[in-house]
Amino acid sequence: MALRKRENALKPTPPLTFLKCSECGTDNSRPFKQNDYVFKVIEDEKCPKCGSTRMVVVNIYVPEKKQEA
Amino acid sequence: MIIALVWLFMIMIFFIYPTFGQRMQLSYMLRDLEKKLNRLKLIRDDIRQRTIDTIKNIGKPEQDPTPEIDRLNEFFLIPPESMDPYGIVYKLEHILETHESVFEEDVRKIAPHAEEHQVKTLTNLVEISRGINTLYRIVRHFYLLGKKTSNIYLVLQIQMIMPQLMEIAEAYRQASIAFSEGQPIGDGVGVLVAAKLVNGNEKRRYEIAKDTIVQEIEIESRRVLVVRAMGPGGNVGRPGEGVKRLVEQEKDNLKLIVTIDAGLKLEGEESGKIVEGIGVAIGGPGIDKYKIEEIAKQHGIPLYAFVIFESIGEAITPMKESIAKAADSVLQKVRKLLLEKVEEGGTAIVAGIGNTVGIGV
């Protein structure tokens, strides 16, 4: 219980999956889903720009907050 | 009256503190250690439960895998005798390879429905569970021994390194989340560079050693042989053996060997900072490093290395933006180096080192 409470406070930020449309080259991102991996070809999601259903995972990482100068 | 009481109090402190001061200090230290040990136990139990749940979800075993996971959590490896160091690298290699295949086979048995790459990732997850279990047992050993013998110096030593140990334990917890979901980790940045270098330009691919592949590409009339572990399962492959076999195969055509790996940063340094130098950038027990150094020396091939800095925690937790973006910068540096150091028609080896979890081919 104690760990769960602390875990929520320290919960790691989930990574984002960055996709590139194979048709129009548009980049977009969404939260990481299980079984995603870099260079995986995804055929069941639509490109937000051209509607193509073929996209490639180009990166997966945890975004960092930009530090103010 | 009050002055007399103050004097009495001062005299008591004067006699009591030297006699009981160390005991009081010891009891404070033991209480602090006990709190941290309890937290360590909670982290250990949490990772163990996550491992069991993941194996049940992915591997769909017919029987409860808990007793088998508890057995693997205590599984050990005895390093070879070093009294006579002759041939120790190959003895160590033999023991590590046997250990790896036995461990993997056991995980495969308790997760019969897992695909091959998932077995690799599950093996890593069980290794994390075993790692935190070992850490907990060692800390508990020193706590109990210190308590039993009332040895303040024994307790002091473990208490002094507890902040670092707790940081490692927290990193283990986050690593267990990453491996249970198959997310790329910081240690995989070397492989990520190799994957990006090859992306879309692969001419030929073949397995050179267990779980290790070679991808052949061409960069402005230079032949580049990219060595890396097979992904997207959690796997480090055998880059040392892979490079050794490639050099034996290519002989004197090779002009350069480049290794790319994640390296531990010093406090105060930025994560994702790229440094370059000479030598073989490979961590671990040293077998891969030894093999590459040995074969490069035999054939007189220069060794060049790129290291991407990160903390121990970042190396085993989901990859951060600064580290992932460093991969793109390293990629440019590697291309520039190849063009500078390898003449047209020449061949070079680029080895991307690290864990391939979440990084495909």
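In these legends, helices (H or I, at least four residues) and strands (E, at least two) are DSSP runs, numbered from the N terminus. The structure is a predicted model, in which local features need pLDDT of at least 70 and side-chain atom pairs count only at pLDDT 80 or more, while totals for chains, interfaces and linings use all residues. Residues are numbered from 1 along each chain as its sequence is written, and chains are lettered from A and ligands numbered from 1 in the order in which they are written.

**View 1. The helix α6 of chain B and the residue that follows it.** Just after α6(B) comes G200(B), whose phi is positive, at about 85°. A residue is called buried if 20 or more other C-beta atoms lie within 10 Å of its own, exposed if 12 or fewer, and partly exposed in between, with C-beta atoms placed from the backbone. By that rule 10 of the 10 residues of α6(B) are buried, so this helix is largely enclosed by the rest of the structure. Among them are V189(B), G190(B), V191(B) and K196(B). Two residues are in contact if their C-beta atoms, placed from the backbone, lie within 7 Å, and the buried residues of α6(B) pack against β2, β3, β4 (254–264), β6 (303–310), α10 and β7 (347–352) of chain B.

**View 2. The largest nonpolar core.** A nonpolar core is a set of buried Ala, Val, Leu, Ile, Met, Phe, Trp, Tyr and Cys residues joined through C-beta atoms within 7 Å. The largest one has 99 residues, of which I349(B) and V350(B) touch the most other members. Its largest share, 10 residues, is supplied by α5(B). Both domain 1 (2–181) and domain 2 (186–352) of chain B give residues to this core, so it lies between them; the domain bounds come from an automatic or database domain assignment. If its neighbours within four places in sequence are left aside, I349(B) is in contact with L225(B), V227(B), V243(B), L246(B), L254(B) and I257(B).

View 3. Two strands pair if DSSP finds at least two bridges between them. Strand β1 (residues 204–209) and strand β2 (residues 212–219) of chain B pair in the antiparallel sense over five bridges, and E207(B) has I213(B) in β2(B) as its bridge partner. These two strands form a hairpin with two residues between them. In the loop between β1 and β2 of chain B is D211(B), which has a positive phi of about 60° although it is not a glycine. D211(B) is buried, with 20 other C-beta atoms within 10 Å. On the next pairing, β2(B) is joined by eight bridges to strand β3 (residues 222–229) of chain B, and the two run antiparallel. Here Q215(B) stands opposite V226(B) in β3(B), and in the hairpin of β2(B) and β3(B), which also has two residues between the strands, E220(B) takes a positive phi near 45°.

View 4. Which two residues are joined by a cis peptide bond? They are G231(B) and P232(B), with an omega of about 5°. P232(B) is found in the loop between β3 and α7 (239–250) of chain B.

**View 5. The sheet of chain A.** Chain A has one helix and four strands, which run α-β-β-β-β from the N terminus on. The four strands form an open sheet in the order β2-β1-β4-β3, with antiparallel pairing. Its edge strands are β2 (27–31) and β3 (41–42) of chain A, each of which pairs on one side only. Two bridges join β3(A) to the antiparallel strand β4 (residues 55–61) of chain A, and V41(A) stands opposite V56(A) in β4(A). In the loop between β2 and β3 of chain A, N35(A) has a positive phi near 80°, although it is a residue other than glycine. N35(A) is exposed, with 12 other C-beta atoms within 10 Å. Of the 69 residues of chain A, 20% count as buried.

**View 6. The contact between chain A and chain B.** This contact takes 25 residues from chain B and 17 residues from chain A. On the side of chain B that touches chain A, α1 (2–59), α5 (152–181), α6 (189–198) and α10 (321–341) of chain B each supply at least two residues. The residues of that side divide into 12 nonpolar, nine polar and four charged, where Ala, Val, Leu, Ile, Met, Phe, Trp, Tyr, Cys and Pro count as nonpolar, Asp, Glu, Lys and Arg as charged, and the others, Gly among them, as polar.
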